[in-house]
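Subject: Structure handover

Hello,

Here is the structure you asked about. Please open it next to this note, and the findings follow below.

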Amino acid sequence: MYTIVPTKVARVYNSYGGKFKFLTFWDAIIQAVFFFICLLNDFYGSNKVNLKKRPLIRKIKDYIHATFSFPIAMFVGITFWALMFVDRELVLPKALDPYFPWWLNHMMHTMIMVTTLLETIICPRQYPKRGNGLAGLSVLMLAYLVWMHVIHAKSGIWVYPVMEVLTFPLRVAFFAVLFVFVTILYFAGESLDNLIWGNAQLKQHKSYSKIK
């Protein structure tokens, strides 16, 4: 027996922008690129704790993790499940369950956080200067915000149903809160990395000093 997807839901998922309209899909691409760079770094770079001169591939790996991979993965997962808890129709209507099964949902919104946390715990990195990291994250989030409005202008449809129930002032406030939240996640990633690898980096730095 086939389940018919409501016209309103189908319009959103088949509208202008295709899969690229969803931040979850952007995040999946970011994580795929990041872990490919991790693989390249394993062969051509270095995973040492505190390098005086990092290979280029290691610099790219560290920057992408700090600026995009960690904060966006956490942002996508936390905001998705928070909205699902409030009202799932705001992000993933129940009518899509036959086409977007629970296991795929968890792969896209749960495991993406788990793998990013594992990467943070297993491999060391050197965070970029905060200004550079936050600038990259802000550009990405602003680009996605503009993209959402382009989609709305082209199709008359908001990517996420939650936008439809918000008035203009509330929508502005909602976006502002999300920007603050993703910034907090950046600092959370930096703090977590320092908590896990800070002592190791300090010990290695002291060992270099003694050698000198």
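**Salt bridges**

The structure holds six salt bridges (a side-chain nitrogen of Lys or Arg within 4 Å of a carboxyl oxygen of Asp or Glu). Before the details, a word on the source: this is a predicted model, where local features need pLDDT of at least 70, side-chain atom pairs count only at pLDDT 80 or more, and totals for chains, interfaces and linings use all residues. Residues are numbered from 1 along each chain as its sequence is written, and side-chain values use heavy atoms, with hydrogens and water left out.

One of the salt bridges pairs Lys61 with Glu119, at 3.4 Å from N to O. Lys61 sits in helix α3 and Glu119 in helix α5, 58 residues apart, so this pair links distant parts of the chain. Helices here are DSSP runs (H or I, at least four residues), as are strands (E, at least two), and both are numbered from the N terminus. Lys61 and Glu119 are both buried. Buried means under 20% relative accessible area, exposed means over 50%, and partly exposed is in between (1.4 Å probe, protein chains only).

Glu119 also meets Arg125 in a salt bridge, at 3.5 Å from N to O. Arg125 in turn bridges to Asp193, at 2.5 Å from N to O. Asp193 lies in helix α7 and Arg125 in the loop between α5 and α6, so this pair ties together parts that are 68 residues apart in sequence. Asp193 is buried, with a relative accessible area of 5%. Arg125 is buried too, at 1%. Through shared partners, Lys61, Glu119, Arg125 and Asp193 form one network of salt bridges.

**Overall layout**

The chain has seven helices and zero strands. Of its 212 residues, 41% are buried. Take the contacts (heavy atoms within 4.5 Å) between residues at least 6 apart in sequence: 78% of them join residues at least 24 apart. The accessible surface comes to about 12,400 Å², and 71% of it belongs to carbon and sulfur atoms. Accessible areas come from the Shrake-Rupley method with a 1.4 Å probe; for residues, only the protein chains shown count as cover.

**Nonpolar cores**

In soluble globular proteins, nonpolar side chains tend to be buried together. A nonpolar core is a set of buried Ala, Val, Leu, Ile, Met, Phe, Trp, Tyr and Cys residues joined through side-chain atoms within 4.5 Å. The largest one here has 39 residues. Leu23, Ile72, Phe75, Tyr144, Met148, Val159 and Tyr160 touch the most other members. Helices α2 (23-44), α3 (56-87), α5 (111-122), α6 (130-155) and α7 (168-211) each supply at least two residues of this core. α3 gives the most, with 10 residues. Apart from this core lies another, of six residues, among them Phe80, Met84, Val91 and Leu92.

Leaving out residues up to four places away in sequence, Tyr144 touches Lys21, Phe22, Leu23, Trp26, Val159 and Tyr160. Leu145 is in helix α6 and counts as buried, at 19% relative accessibility. Beyond its neighbours within four places in sequence, Leu145 is in contact with Phe175 and Phe179.

**Nonpolar surface patch**

Trp102, Trp103, Met107, Met111, Val114, Leu118, Ile121, Ile122, Leu195 and Ile196 form a nonpolar patch on the surface, with about 1,100 Å² of accessible area together. Patches are made of residues with over 30% relative accessible area and no salt bridge; like charges are joined within 9 Å, nonpolar side chains within 5 Å (Val, Leu, Ile, Met, Phe, Trp, Tyr). α4 (102-109), α5 and α7 each supply at least two of the patch residues. The largest share, five residues, comes from α5. Val114 is in helix α5 and counts as partly exposed, at 33% relative accessibility.

Best wishes
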